[in-house]
Amino acid sequence: MKEHRMRRWVLLALFSGLFIAVISSTGLWETTLRFLFPQESQVLHPRASLIVLVMEHLSLVAISSSLTILIGLPIGIWVTRPGGRNFLPLVTDLTSFGQTFPPVAVLALAVPMLGFGLPPTIAALFLYGLLPVVRNTIAGLSAVPPGSLETAYGMGMSQWQALFRVEIPLSARIILAGVRTSVVINIGTAMIGAVIGAGGLGSPIIAGLVQDNLAFILEGAIPAAMLAILADQLLANIEGSFAYPGQSP
Amino acid sequence: MIRLEHVTKVYGETVAVNDLSIEIEKGEVCILIGPSGCGKTTTLRVTNRLLEPTSGHIFIDGRDICQIRPERLRRSIGYAIQSVGLFPHLTVAANIATVPELLHWGKDDIARRVEELLILVGLNPVEYAWKYPSQLSGGEAQRIGVARALAADPPILLMDEPFGAVDPLTRERLQAQFIRIQQELKKTVIMVTHDLDEAIRLADRIAIMELGRLVQYDTPETILSRPANKFVHDFVGTDRALKRLSRIGIGNFIRPCPSVKTSDSIKEVAAAIGSRRSVWVVNDEGRPIGWIDQSRLSESVTARETIFSGDIHEIALTNQATLREALSRMLGQGFKSIPVVDDKARLIGEITLHDVEAATADGEA
């Protein structure tokens with residue numbers, strides 16, 4: 001089991017290295033895309049190099065996902081405590097609403113208030129990613145066996161001790177699965193940021209769509225897809241490290 | 001010593017515990033028993049403030065527990081429930097270490113204590129310390145549960161059906177182990193069970209509850225021989241005479257009996273039998289290997305030829321057995337007496353049906 005997990009980490013490191021090598025070699029992209037689309041005068045988006053676009057994209061995701069986790073996790077914990085239980089239906093409804101509301105619509109509404117660029121994009125991504133995190137936090141904490149909780153209190157743990165020593169470790173995998181879904185969704189959805197000038201891998205895609213340049217679209221789409229797969233695997237590995245024998249997979 | 005004074009617990013419309021007063025002496029095992037919904041588990045839980053009583057007071061060593069912070073109180077009281085209570089994400093060692101860790105013991109002290117407790121409950125520390133609850137059998141998990149409750153050496157133990165979720169054979173072993181550990185540690189124990197045989201076997205006193213009220217609180221012997229009312233009478237069942245027997249060790253009923261060796265002559269055998277129906281045959285170490293029937297005496301010349309060897313190990317009892325086991329063997333084998341052996345399997349005497357009957361009659365009187 002341990003060896004298996006080790007192998008997954010090594011594999012992930014190898015692929016991440018490969019990914020960095022691929023996005024930083026502009027020459028490789030230019031040659032390949034030129035070969036595929038000889039009719040285009042330009043095959044690489046002129047605004048910024050690929051590595052800069054990836055970094056912009058990553059920071060969009062990092063900021064919005066961190067916000068989602070920092071706010072979603074405590075909300076999920078709060079509504080499963082005795083003090084916040086009354087708010088459980090309200091919070092579930094609101095987070096579901098946040099996800100049904102299309103991010104583009106959030107952008108449209110946010111731009112007048114927050115202006116162009118980063119802030120509205122992050123607001124949209126944050127709202128859109130909140131649901132899986134909150135939902136899984138609630139589901140995970142509710143799935144803690146009542147017997148474990150009863151003995152935790154019965155042996156003299158305080159509310160906080162029971163939370164950190166028993167409830168969170170027991171629900172960590174479910175909570176992290178929510179984080180994983182949220183981050184992967186975020187990597188895809190962050191494309192829309194380009195519409196209002198937040199940059200990222202959406203820029204070459206939007207430019208490609210406008211100028212009917214398939215090479216641009218691929219320049220944005222391929223790294224984004226790779227990024228999503230890598231992030232998914234990274235979080236899956238972290239999730240795996242919270243596994244214990246006998247846990248339902 | 002634990003004293004509950006006029007404790008009442010009300011949930012909405014239902015009265016779970018109704019004006020319950022009970023006193024548990026230091027070092028005694030008190031077993032709460034009754035049909036489901038009688039309030040026994042609620043009683044257990046108000047004792048460590050997992051629930052607050054609606055009214056009434058609980059004193060431990062003369063101190064009202066509502067003046068002690070719940071967490072502190074609970075760390076000084078061992079708590080064990082069915083095996084589901086183990087933390088599945090922690091190893092056996094970490095599970096046992098829970099309360100010592102909450103009490104900020106040193107690492108070495110905790111490690112030493114874990115090892116000590118695993119040995120106490122009869123599990124090899126090297127093999128078990130790093131296992132996870134899912135890798136344990138039901139019986140092992142329950143033993144870990146008991147070890148965990150004992151971890152910080154609390155003077156009081158609260159146990160909610162601690163031997164509930166295992167097969168009857170394992171349960172019997174766990175009970176025997178509990179008796180051994182309790183003889184050694186002398187904890188004040190409150191245990192909840194719905195198994196009357198378990199209560200009779202383990203309890204110093206049994207508290208029978210019905211609809212939140214205490215109906216009778218007495219030693220198992222008294223409850224079986226003098227049920228307080230019809231409810232208790234029906235609850236202990238019509239076989240209470242038989243149940244009483246399981247409270248009585250055979251120790252006082254063993255009587256010396258003649259035995260012969262295989263090398264003895266018929267004459268010697270005849271002398272040993274006298275007016276008896278049969279005599280036990282032992283080998284050179286004094287271990288019973290069979291018996292000789294009076295009716296067979298005339299047919300042969302040496303003892304060796306007349307022995308019924310049967311499965312003597314199925315028949316002989318050790319001196320720790322109870323009268324109930326003795327009776328069960330007699331009925332099973334069709335014998336009127338059963339040989340009793342010591343822990344080295346040597347014959348020390350026998351126990352007769354007549355004695356068992358006499359013991360039963362005593363209780364009925």
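## Close-up views of a predicted two-chain model

**View 1. Helix α8 meets helix α10 in chain A.** A:Arg173, A:Leu176, A:Ala177, A:Val179, A:Arg180, A:Val183, A:Val184, A:Ile187 and A:Gly188 of α8(A) are in contact with A:Ala224, A:Leu227, A:Ala228, A:Ala231, A:Asp232, A:Leu235, A:Ala236, A:Ile238 and A:Glu239 of α10(A). By class, this contact holds 13 nonpolar, one polar and four charged residues. The model is predicted. Helix α8 covers residues 159-189 of chain A, and helix α10 covers residues 214-240. Their axes lie 9 Å apart, at an angle of about 170°. Because angles over 145 degrees count as roughly antiparallel, α8(A) is roughly antiparallel to α10(A).

**View 2. Chain A is built from helices.** Chain A has 10 helices and zero strands. Along the sequence, the pattern reads α-α-α-α-α-α-α-α-α-α. Along the principal axes, the C-alpha atoms of chain A fill a box of roughly 75 × 50 × 20 Å. Of the 249 residues in chain A, 39% are buried. Take the contacts in chain A between residues at least 6 apart in sequence: 71% of them join residues at least 24 apart.

**View 3. Chain A touches chain B.** The contact draws 18 residues from chain A and 20 residues from chain B. On the side of chain A, α7 (146-154) and α8 each supply at least two residues. The largest share of that side comes from α7(A), with six residues. By class, the side of chain A that touches chain B has nine nonpolar, eight polar and one charged.

**View 4. An open sheet of six strands in chain B.** The strand order is β6-β7-β8-β3-β9-β10 (chain B), and the pairing is mixed. The edge strands are β6 (77-81) and β10 (213-218) of chain B; each pairs on one side only. Neighbouring strands are turned by 15° against each other on average, direction ignored. Helix α7 (residues 138-149) of chain B packs on this sheet. Helix α7 of chain B touches β6 and β7 (156-160) of chain B, and the direction of the helix makes about 165° with that of β6(B).

**View 5. Strands β9 and β10 of chain B pair.** Strand β9 (residues 205-210) of chain B and β10(B) run antiparallel. Five bridges join the two strands. B:Glu210 stands opposite B:Arg213, a residue of β10(B).

**View 6. The surroundings of B:Ile60.** B:Ile60 belongs to strand β4 (residues 55-60) of chain B. Within 10 Å of B:Ile60 lie 20 other C-beta atoms, so B:Ile60 is buried. Leaving out residues up to four places away in sequence, B:Ile60 touches B:Ile2, B:Ile65 and B:Ile156. B:Met1 and B:Ile60 are 59 residues apart in sequence, yet 5.8 Å apart in space, C-alpha to C-alpha.

**View 7. Where the two domains of chain B touch.** The domain assignment of chain B gives domain 1 (2-245) and domain 2 (250-364). Taken over C-alpha atoms, the centres of domain 1 and domain 2 of chain B are 40 Å apart. The contact takes five residues from domain 1 of chain B and eight residues from domain 2 of chain B. On the domain 1 side, helix α12 (residues 240-245) of chain B gives the most, with four residues. The residues of the domain 1 side divide into three nonpolar, one polar and one charged.

Definitions and conventions
Residues numbered from 1 in each chain as written. Chains lettered and ligands numbered in written order. Predicted model: local features only at pLDDT ≥ 70, side-chain atom pairs only at ≥ 80, totals over all residues. Domains from an automatic or database assignment. Contact = placed C-beta atoms within 7 Å. Nonpolar A, V, L, I, M, F, W, Y, C, P; charged D, E, K, R; others polar. Buried ≥ 20, exposed ≤ 12 C-beta atoms within 10 Å, placed from the backbone. Axes fitted to C-alpha atoms, helices over the stretch in contact; angles between N-to-C directions. Parallel < 35°, antiparallel > 145°, perpendicular 65-115°, else oblique. Pairing = 2+ DSSP bridges.
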